[in-house]
Amino acid sequence: QVRLVESGGGSVQAGGSLRLSCAASGRTFSVFGMGWFRQAAGKERELLGAFGWSDRSTYYTDSANGRFTISRDDAATTVYLQMDGLKLEDTAVYYCAAKLSWNSDWDYWGQGTQVTVSS
């Protein structure tokens, strides 16, 4: 089992920045990759980007718009989502997830953290 706990959400004005954290515990040695997702009200959940657990590679979707950056601490327990230049449309619940192999579904999910961007 892998447990994921997100934190760092909150309210921010448009143009501001937030850094979300995803603390991983349990069998983290079995993790292949981590992903950050978001789900806005009335919309489907969308992938923002992914992080390779062993090679630290990163992948971003167009939804990240070049404003989001994924990284991991050296202790290999926390993955971050740095969000800059936030816009009103970035308001959503943000989730982290973990997968155990490159071709598996996302196996574990955090509980989500709310990000609200206001004008």
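Setting aside residues up to four places away in sequence, Tyr94 touches Glu6, Leu20, Phe37, Arg38, Leu48, Phe68, Leu81, Met83, Gly112, Thr113 and Val115. This is a predicted model, so please read every contact and distance below as a property of that prediction.

**Tyr94 and its surroundings**

- Tyr94 sits in strand E9, and its relative accessibility of 0% means that it counts as buried.
- The side chain of Tyr94 reaches the backbone oxygen of Asp90, with 2.6 Å between them.
- Across a stretch of 72 residues along the chain, the C-alpha atoms of Tyr94 and Cys22 are separated by 10 Å.

- Leu20 belongs to strand E3, which covers residues 18-26.
- With a relative accessible area of 0%, Leu20 is buried too.
- Beyond its neighbours within four places in sequence, Leu20 is in contact with Ser7, Gly8, Gly9, Trp36, Val79, Tyr80, Leu81, Met83, Tyr94, Thr113 and Val115.
- The C-alpha atom of Leu20 is 10.0 Å from that of Thr78, and the two residues are 58 apart along the chain.

- Asp90 is in the loop that runs between E8 and strand E9 (92-99).
- Why does Asp90 count as buried? Its relative accessibility is 0%, and buried means under 20%.
- Which side chain makes a polar contact with the side chain of Asp90? That partner is Arg67, at 2.8 Å.
- Apart from neighbours within four places in sequence, the contacts of Asp90 are Arg38, Arg67, Phe68, Gly85, Val115 and Val117.

- Asp73 is placed in the loop between strand E7 (68-72) and strand E8 (78-83).
- Although Asp73 is buried, it has no salt bridge. The nearest side chain of opposite charge is Arg72, 5.1 Å away, whereas a salt bridge needs the charged atoms within 4 Å.
- What does the side chain of Asp73 reach at 3.0 Å? It reaches the backbone nitrogen of Thr78.
- A polar atom of the Asp73 side chain also lies 3.0 Å from the backbone nitrogen of Thr77.
- Not counting residues up to four places away in sequence, Asp73 touches Arg56, Thr78 and Tyr80.

- Most residues other than glycine have a negative phi. Arg56 is not a glycine, yet its phi is positive, at about 60°.
- Arg56 has a relative accessible area of 38%, so it is partly exposed.

**The largest pocket**

- The largest pocket has a volume of about 150 Å³.
- Its lining is made of Phe32, Gly33, Met34, Ala50, Phe51, Gly52, Trp53, Ser54, Asp55, Ser57, Lys99 and Trp106.
- Which strand gives the largest share of that lining? E5 does, with three residues.
- Strand E4 (33-39) and E5 each supply at least two residues of the lining.

Notes
Residues numbered from 1 in each chain as written. Predicted model: local features only at pLDDT ≥ 70, side-chain atom pairs only at ≥ 80, totals over all residues. Heavy atoms only, no water. Helix = DSSP H or I, 4+ residues; strand = E, 2+ residues; numbered from the N terminus. Buried < 20%, exposed > 50% of the residue type's maximum accessible area, 1.4 Å probe, protein only. Lys, Arg positive; Asp, Glu negative; His and termini not counted. Polar contact = N/O pair within 3.5 Å; in protein donor to acceptor, adjacent residues only side chain to side chain. Contact = heavy atoms within 4.5 Å. 1 Å grid on protein atoms, 1.4 Å probe; cavity = no way out; pocket = protein on both sides within 12 Å on 5 of 7 lines; lining within 4 Å. Points joined across faces, edges and corners; volume = space filled by probe spheres on them.
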